[in-house]
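Here's a quick briefing to read with the model open in your viewer. It starts with a packing question and then works through a handful of local spots.

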Amino acid sequence: MPSTLHRPARHPAARLALAVALLCAAPAVQAQMMGHGPGAGMHGHGADGTGHDEVTMPGLQGRNATPEESAELAVMFRNFPTFTREVTNLPDGIRTVTRSSDPEVMEVLISHVTGMIGRVEAQDDPQIVIQSPTLDIFFERSDRIETEIDVTDEGIVVTQTSTDPDLVEALHVHAAEVSDMAARGMQAVHERMMRRAGN
């Protein structure tokens, strides 16, 4: 499965340092995310019944995820208001353009996207707690997805296509899920998990 990428390389340690710095530098966004009323940092719902801690975000950890990957996810969720995203559903897949108005968050986004696509290609599921089950088919049938990634002035442009109709449907569904998260942050995840749990 060919995958192409055009972007400057960045050392993993530098990305982690950037992610940690952004985590510490986002109190306003953190306060906004917690601002659902008294004691709202914890929500008493979730597919596993444990609730969601929006301060430490344990749901961003995974059985097979690195601390760096979880930190990148936290940066993106805490800075979701900086994202804009355009999705084109193609007959055989998707074309997405995602950008952040914050250059440092944009670097984290690029690292996350390229890292996750690399995991799909290697069939190396990170098993993130909040991960959508839509991703399962990508890891199972990764050899049937063609991916192109480019970083342009528009943002990070990802085109993914497949001749497998089940994968095409999953690509459409997942692109919509990501757009919802980019627009509404962790609230979108909470609602999706509640629907899955039948709450």
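In what handedness of crossing does helix 3 pass helix 4? The crossing is left-handed. Keep in mind that this is a predicted model. Overall, the protein has 7 helices and 7 strands, and buried residues make up 44% of its 199 residues.

**Overall layout**

- Reading from the N terminus, the elements go β-α-α-β-β-α-β-β-α-α-β-β-α-α.
- If you look at the contacts in the protein with a separation of 6 or more, 64% of them link residues 24 or more positions apart.

**Helix 3 against helix 4**

- Two packed helices are described by the angle between their axes and the distance between the axes.
- For helix 3 (residues 67–78) and helix 4 (residues 103–121), the axes come within 10 Å and cross at roughly 130°.
- On the helix 3 side, the contact is made by Glu 69, Glu 72, Leu 73, Val 75 and Met 76.
- Helix 4 brings Val 105, Val 108, Leu 109, Ser 111, His 112 and Arg 119 to this contact.
- By type, the residues of the contact of helix 3 with helix 4 split into 6 nonpolar, 2 polar and 3 charged.

**Helix 6 against helix 7**

- Helix 6 and helix 7 (residues 186–197) pack at about 130°, and their axes are 6 Å apart.
- With that angle, helix 6 and helix 7 are oblique to each other.
- From helix 6, the residues involved are Glu 177, Asp 180, Met 181 and Arg 184.
- They meet Met 186, Gln 187, Ala 188, Val 189, Glu 191 and Arg 192 in helix 7.
- The contact of helix 6 with helix 7 comes out as 4 nonpolar, 1 polar and 5 charged residues.

- Ser 162 sits in the loop between strand 7 (156–161) and helix 6 (165–184).
- Is Ser 162 buried or exposed? Ser 162 counts as buried because its relative accessible area is 6%, and the cut-off for buried is under 20%.
- A polar atom of the Ser 162 side chain lies 2.7 Å from the backbone oxygen of Arg 144.
- Setting aside neighbours within four places in sequence, Ser 162 touches Asp 92, Arg 144, Leu 167 and Val 168.

- Gln 123 has a phi near 55°, which is positive in a residue other than glycine.
- You'll find Gln 123 in the loop between helix 4 and helix 5, where Gln 123 counts as partly exposed at 45% relative accessibility.
- Gln 127 also has a phi near 55°, again a positive value in a residue other than glycine.
- Gln 127 is in the loop between helix 4 and helix 5 too, and at 34% relative accessibility Gln 127 is partly exposed.

**Glu 140**

- Glu 140 belongs to helix 5 (residues 136–140).
- With a relative accessible area of 56%, Glu 140 is exposed, since the cut-off for exposed is over 50%.
- Glu 140 and Glu 121 are 19 residues apart along the chain, and their C-alpha atoms are separated by 9.9 Å.

Key. Residues are numbered from 1 along each chain as its sequence is written. This is a predicted model: local features need pLDDT of at least 70, side-chain atom pairs count only at pLDDT 80 or more; totals for chains, interfaces and linings use all residues. Side-chain values use heavy atoms; hydrogens and water are left out. Helices (H or I, at least four residues) and strands (E, at least two) are DSSP runs, numbered from the N terminus. Buried means under 20% relative accessible area, exposed over 50%, partly exposed in between (1.4 Å probe, protein chains only). A polar contact is a pair of N or O atoms within 3.5 Å; within protein, one must be able to donate a hydrogen and the other to accept it, and residues adjacent in sequence count only if both atoms are side-chain atoms. Contact means heavy atoms within 4.5 Å. Axes are lines fitted to C-alpha atoms, for helices over the stretch in contact, and angles run from 0 to 180 degrees between N-to-C directions. A crossing is left-handed if the near helix is turned anticlockwise from the far one by less than a right angle, and right-handed if clockwise. Ala, Val, Leu, Ile, Met, Phe, Trp, Tyr, Cys and Pro count as nonpolar, Asp, Glu, Lys and Arg as charged, and the others, Gly among them, as polar. Angles under 35 degrees count as roughly parallel, over 145 as roughly antiparallel, 65 to 115 as roughly perpendicular and the rest as oblique.
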